[in-house]
Amino acid sequence: MRHLAVGILTLAGIFGSAVSANADYRADYEVSDDYMYSVNADGKTCTLQFYLGNEKDVTVPAQVAGYQVKELGLYCFSKVKKQEYASVYSMDVTKKSITIPEGVEKISFDSFNVPYLEKLVIPSTVVALRI
């Protein structure tokens with residue numbers, strides 16, 4: 001597994017959007033434990049859309065509701081607050097470490113809007129990293 005430098009994450013937090021109100025919760029998202037996810041077109045894998053838990057040290061599961069986790073979606077580890085017409089995403093200042101399991105292949109832009117993250121473990125299976 002590769003460790004990504006916290007400095008890059010800090011820069012991503014500075015240059016990434018701190019708040020966005022453009023995306024609504026999608027009706028096709030499902031919830032299992034601490035994750036909101038969507039099933040991918042293959043019907044066997046999923047994309048984690050949002051982490052809903054409150055843990056400071058997060059280990060992403062390899063499977064959610066029987067689907068293999070293949071991607072971390074946009075704003076996956078940002079705080080999410082549903083408002084009447086839109087969802088608002090903001091920096092999550094509580095996360096200290098995030099470990100992503102083998103099998104995850106894609107990490108979307110701004111998945112980690114976490115300015116004080118001390119440790120991020122990325123598996124060797126990641127082929128697309130958009131931070």
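Strand β6 (residues 63–64) and β7 run antiparallel and are joined by two bridges; strands here are DSSP E runs of at least two residues, helices are H or I runs of at least four, and both are numbered from the N terminus. Two strands are said to pair if DSSP finds at least two bridges between them. Within this pairing, glutamine 63 stands opposite glutamine 68 in β7. The hairpin of β6 and β7 has two residues between the strands, and alanine 65 takes a positive phi near 55° there.

This is a predicted model, in which local features need pLDDT of at least 70 and side-chain atom pairs count only at pLDDT 80 or more, while totals for chains, interfaces and linings use all residues. Residues are numbered from 1 along each chain as its sequence is written, and side-chain values use heavy atoms, with hydrogens and water left out.

With β4 it pairs in the parallel sense, over four bridges, and threonine 47 stands opposite glutamate 71 in β7. β7 also runs parallel to strand β11 (residues 106–107), to which two bridges join it. There, leucine 72 stands opposite isoleucine 107 in β11.

The chain as a whole has one helix and 13 strands. Read along the sequence, the pattern is β-α-β-β-β-β-β-β-β-β-β-β-β-β. Of the contacts (heavy atoms within 4.5 Å) between residues at least 6 apart in sequence, 54% join residues at least 24 apart. Buried residues make up 44% of the 131 residues in the chain; buried means under 20% relative accessible area, exposed means over 50%, and partly exposed is in between, using a 1.4 Å probe and protein chains only.

Which residues have the most contacts inside the largest nonpolar core? They are Leu48, Val60, Leu72, Phe77, Ile98, Ile100 and Phe112, in a core of 22 residues. A nonpolar core is a set of buried Ala, Val, Leu, Ile, Met, Phe, Trp, Tyr and Cys residues joined through side-chain atoms within 4.5 Å. β4 gives the most, with three residues. In soluble globular proteins, nonpolar side chains tend to be buried together.

Aromatic rings come next. A search of the whole structure finds five aromatic pairs; rings of Phe, Tyr and Trp (its six-membered ring) pair if their centres lie within 6.5 Å, and planes under 30 degrees apart count as stacked, over 60 as edge-to-face and the rest as tilted. Tyrosine 37 and tyrosine 67 form a tilted pair, 6.0 Å centre to centre with 45° between the planes. Tyrosine 37 lies in strand β3 and tyrosine 67 in strand β7, so this pair ties together parts that are 30 residues apart in sequence. Tyrosine 37 is buried, with a relative accessible area of 3%, whereas tyrosine 67 counts as partly exposed at 22% relative accessibility. Elsewhere, ring pairs link Tyr35, Tyr51, Phe77 and Phe112 into a cluster.

Serine 38 also lies in strand β3 (residues 35–39). Serine 38 is buried, with a relative accessible area of 10%. Its side chain is joined to that of glutamine 49 by a polar contact of 2.8 Å, meaning a pair of N or O atoms within 3.5 Å; within protein, one must be able to donate a hydrogen and the other to accept it, and residues adjacent in sequence count only if both atoms are side-chain atoms. Not counting residues up to four places away in sequence, serine 38 touches Asp28, Tyr29, Thr45, Cys46, Thr47 and Gln49.

Cysteine 46 is buried, with a relative accessible area of 0%, and cysteine 76 is buried with a relative accessible area of 0%.

Towards the end of the walk comes alanine 128, found in strand β13 (residues 128–129). Alanine 128 is buried, with a relative accessible area of 17%. Leaving aside neighbours within four places in sequence, alanine 128 is in contact with Glu105, Lys106 and Ile107. The C-alpha atoms of alanine 128 and valine 104 are separated by 9.7 Å, and these residues are 24 residues apart along the chain.
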